[in-house]
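Hi,

Here is the structure I said I'd pass on.

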Amino acid sequence: MDKVDVRFPQPEKKAGPPPNLPRNAEERAVALIDLMGRMSAHLRRESAAVLRHCGVAELARLANEKQPMMLVYEEVSRMLRVDRDGMAKLPDEIKGKLREATRALYEASAENAEVLQRNGAAQKVLVDTVVGAINRARQVTTVAYGSGASPARAYGPPPRGQANAATLNTQL
């Protein structure tokens, strides 16, 4: 059983969708058309920002702006799909706009995904190049600076025998 504070009257919970969501299929379709247009424009801006090599802060801002739109899109489109009778009764003009907005969103999403994949592949090539250069630098045994002493005069442990014998030999 839920605990209720009886000192303060609680407002009654109303059945149905929250007050800020569209209430019928036509309102949902119009809201969805507008939202899909804004999402398409946003995805194109995000693609352009990636192509311009914008900073992490701007890309993070764009991603943060996209998330609430995606959540509302999922909820409104779900509500519209569930209402089959309402969808069937939509005027042809709204159905056409809904198709166009869906097509535009699909194209913008495909373009955005392609740009992000290319950017990810370019970053992978860059990281692999840097890792390869570091690994090659670690394998170099000669010193890149200094007097250029010959390897014969450089100290190294003897190829056989005890390790302390090398210490004795350097003392002489």
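Predicted model: local features only at pLDDT ≥ 70, side-chain atom pairs only at ≥ 80, totals over all residues.

Residues are numbered from 1 along each chain as its sequence is written, and side-chain values use heavy atoms, with hydrogens and water left out.

Helices here are DSSP runs of H or I with at least four residues, numbered from the N terminus. Helix α2 covers residues 56–82, and its end C-alpha atoms are 39 Å apart, in agreement with the 39 Å that 27 residues should span. The expected span is 1.5 Å times one less than the number of residues. Buried residues (under 20% relative accessible area; exposed is over 50%, partly exposed in between, with a 1.4 Å probe and protein chains only) in α2 include Leu62, Met69 and Leu80. Among the elements covering them are α1 (25–51), α3 (84–88) and α4 (92–139).

Methionine 70 is also in α2, but is partly exposed because its relative accessibility is 33%.

As for α4, its 48 residues reach 70 Å from first C-alpha to last, close to the 70 Å expected. Its buried residues, including Ile94, Leu105 and Gly132, pack against α1, α2 and α3.

Finally, histidine 53 sits in the loop between α1 and α2. Histidine 53 has a positive phi, near 60°, without being a glycine, and is exposed at 66% relative accessible area.

Cheers

Note on methods: Helix = DSSP H or I, 4+ residues; strand = E, 2+ residues; numbered from the N terminus. Contact = heavy atoms within 4.5 Å.
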